[in-house]
Amino acid sequence: MPAEDPFAGVPPEPGCAKLNPIMTMSGITRVFGGLKAVDVEHLEIQRGAITGLIGPNGAGKTTLFNLLTGFDRPNSGTWTFEGRPLNRLAAHRVARRGVVRTFQLTKALAKMTVLDNMRLGATGQTGESFFGALFTRWGRQERAVTEKAWELLVRFRLDAKADDLAGSLSGGQRKLLEMARALMMDPTVVMLDEPMAGVNPALTQTLLGHVKSLRDDDMTVLFVEHDMDVIRDISDWVVVMAQGSVIAEGPPEALSSNKAVVDAYLGVHHDRALEFDADGNPVGETAELVTEMESVERGPDTARDGRS
Amino acid sequence: MIDFSALLTNGIAQLVGTSAVFFALLAIGLNIHFGYTGLLNFGQIGFALVGGYGMGIAVANFGLPLWGGVLVGLGCGVVLALLLGIPTLRLRADYLAIVTIAASEILRLITRSTSLTNFTGGTQGLTGYGGAFTAANPFGQPRYSFFGVTFLRGELWAICVGWTVVALSVLLVWLLVRSPWGRVLRAIREDEDAARALGKNVFAYKMQALILGGVFGALGGICYALSVQSLTPDFYSPPQTFFAYAALILGGAGRVLGPVIGAMIFWFLVSVIDGLLRQATAGDQPVITFIDSIDVGAIRFVLVGLSLGLLMVFRPQGIFGNRREVQLDAR
């Protein structure tokens with residue numbers, strides 16, 4: 001945590017205003033068929049902090065990521081980045097503005113070398129346009145890009161793998177490569193979708209260190225994660241989503257005591273004892289609960305009977 | 001008995017012949033599409049058709065000079081790429097495949113329709129556009145012989161021009177794919193979304209690749225139309241695209257020289273197998289009795305397919321391919 005707490009005096013409630021927000025979202029909805037996958041009324045992301053985004057499976061975290069980075073279109077809603085609207089921008093334009101993401105299933109470019117993966121990340125390369133490739137001297141820029149790539153590869157301990165094909169890397173190394181490649185763009189906001197998923201515990205610590213170092217380099221980090229220990233370890237602020245909406249916000253220490261969070265993860269009835277009679281049928285309060293749950297499952301009209 | 005020296009000279013004539021030039025240019029285009037960008041273009045022959053007919057119609061019907069006709073032919077390739085690319089390149093890869101193969105058949109059926117005979121020559125074909133090309137032939141003698149391989153003077157001229165075009169095309173492809181531009185294409189082949197997340201305008205790159213590869217296809221059509229001096233619609237049928245794919249995969253996709261060497265070897269193989277079968281089934285006492293000599297035309301492609309199958313088993317990366325890359329797919 002930086003010397004001055006950037007969250008001092010911020011009330012831990014959903015949609016609260018931050019002292020220095022870098023991203024502000026309002027009224028974002030995304031509907032898939034009849035399902036409201038994302039329904040975020042208001043959310044602000046603090047500049048220069050690590051914000052963790054958590055929630056049970058299907059809470060809409062990745063969908064929100066896709067919307068924010070232009071990989072999906074919302075049904076409604078606006079969001080701004082550094083005061084300028086970011087919605088309706090194509091994914092590559094969002095990235096060029098400085099909001100760079102990684103993916104839950106790593107997208108290492110398998111049949112390219114690790115070094116080429118890195119070089120691809122650099123922005124503003126004149127040799128990347130068709131005529132620029134033929135008629136400009138892009139060699140000098142290429143050397144600068146390569147030098148920067150090497151520095152990052154050394155920092156992420158991938159320098160020994162520079163000439164290997166990215167497809168030959170292990171799962172954890174691919175996560176490292178993807179993060180390093182995102183840094184080639186000099187991003188302002190780094191959005192990491194489950195950076196620790198499928199990574200062995202030893203490498204998790206390394207990855208955590210790298211995520212923290214992003215904040216030390218004045219970047220804003222927004223990341224999705226399931227592992228509570230990871231969340232508690234590195235995030236400065238936690239946003240909890242369930243069924244598409246933000247249900248809680250606050251510092252990580254306050255999470256486990258938040259009733260809404262516990263209910264979202266474990267269910268509303270998690271602390272009630274279940275009672276059965278000798279035949280195994282539910283009795284008393286448990287029987288009421290079962291009736292309640294079955295009616296919810298069947299839905300309001302029981303036209304499609306015989307399927308329960 | 002079988003005359004092996006005749007087989008070899010015929011094979012070499014095909015190795016450097018105008019068919020090899022034609023398929024080399026088609027395959028160079030497909031290499032940009034499929035080998036570098038991952039675009040599935042199954043209608044490359046359509047680009048050759050608009051190239052050849054664009055030039056032929058411009059010169060024969062509108063009296064343009066030959067260089068003007070060539071520019072019209074290349075322009076037709078660009079327009080076809082735009083027409084096919086704008087609706088499909090934002091969609092998944094298979095949509096482009098469906099649309100391109102359909103478009104190439106539509107183009108062939110339009111050019112052979114009798115209502116357009118005055119314009120395209122219909123099924124009788126189009127001639128009368130190659131006068132300037134023949135007149136520019138610097139070779140004076142009727143025929144030339146190199147190491148026992150004989151070429152007619154027109155053929156030799158077409159071969160010289162054709163291979164010059166191939167060499168320049170290869171040079172252009174080499175310059176492009178070693179540049180950061182080529183790196184973005186390969187990234188799109190590997191994962192479009194990753195390229196997008198790194199700020200690359202994927203649609204624009206795919207469009208550029210489709211146009212470039214299509215122009216190589218049109219160039220192939222132009223070279224072939226000039227060398228045979230007539231355009232017949234049924235030559236531009238879908239199997240030709242797949243011969244070009246065979247040449248590309250044989251040589252190694254995603255390698256600069258792969259499509260050229262692949263096309264040469266493909267036509268060498270076709271010629272040698274064809275000659276071998278013809279000699280073995282001909283005469284009073286044929287070596288092979290169970291194949292009739294009229295079936296040879298079909299059976300040679302069965303054998304070519306078999307050889308390609310064996311190549312894929314023992315050398316899946318093609319002649320120039322990188323074994324490391326292919327092994328990644330096997331995991």
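The structure is a predicted model, in which local features need pLDDT of at least 70 and side-chain atom pairs count only at pLDDT 80 or more, whereas totals for chains, interfaces and linings use all residues. Residues are numbered from 1 along each chain as its sequence is written, and chains are lettered from A and ligands numbered from 1 in the order in which they are written.

Helix H3 of chain A spans residues 114-121, and because seven of its eight residues are buried, this helix is largely enclosed by the rest of the structure. The buried set consists of Val114(A), Asp116(A), Asn117(A), Met118(A), Arg119(A), Leu120(A) and Gly121(A).

Chain A as a whole has ten helices and ten strands, and its C-alpha trace spans about 80 × 45 × 40 Å along the principal axes. Of its 308 residues, 38% count as buried. Among contacts in chain A between residues at least 6 apart in sequence, 66% join residues at least 24 apart, a contact being a pair of residues whose C-beta atoms, placed from the backbone, lie within 7 Å. The domain assignment divides chain A into domain 1 (1-108 + 178-265), domain 2 (112-168) and domain 3 (272-308), with bounds that come from an automatic or database domain assignment. The C-alpha centres of domain 1 and domain 2 of chain A lie 28 Å apart, and the contact between these two domains takes nine residues from domain 1 and 13 residues from domain 2. On the domain 1 side, the largest share, four residues, comes from helix H6 (residues 171-183) of chain A. By class, that side has six nonpolar, one polar and two charged residues, where Ala, Val, Leu, Ile, Met, Phe, Trp, Tyr, Cys and Pro count as nonpolar, Asp, Glu, Lys and Arg as charged, and the others, Gly among them, as polar.

The contact between the chains takes 24 residues from chain B and 30 residues from chain A. The elements of chain B that give two or more residues to its side are helix H8 (153-177), H9, helix H10 (192-197), helix H11 (202-228) and helix H15 (323-330); the largest share, seven residues, comes from H9(B). The side of chain B that touches chain A has eleven nonpolar, four polar and nine charged residues.

Leaving aside its neighbours within four places in sequence, Ala27(B) is in contact with Ala244(B), Ala247(B), Leu248(B), Pro259(B), Gly262(B) and Ala263(B).

Helix H14 of chain B (residues 296-314) has 19 residues and reaches 27 Å from its first C-alpha to its last, close to the 27 Å expected at 1.5 Å a residue, the expected span being 1.5 Å times one less than the number of residues. The buried residues of H14(B) are Val296(B), Arg300(B) and Val304(B); they cover an arc of only 80° around the axis, which puts them on the same side of H14(B), the arc being that of the directions from the helix axis to the C-beta atoms. These buried residues pack against helix H13 (258-281) of chain B, whereas on the other side of H14(B) the exposed residues include Ala298(B), Val302(B) and Leu306(B).

Most residues other than glycine have a negative phi. Gln243(A), in the loop between strand S9 (237-242) and strand S10 (245-250) of chain A, has a positive phi of about 50° although it is not a glycine, and Gln229(B), in the loop between H11 and helix H12 (239-251) of chain B, has a positive phi near 65°.

Technical notes. Buried ≥ 20, exposed ≤ 12 C-beta atoms within 10 Å, placed from the backbone.
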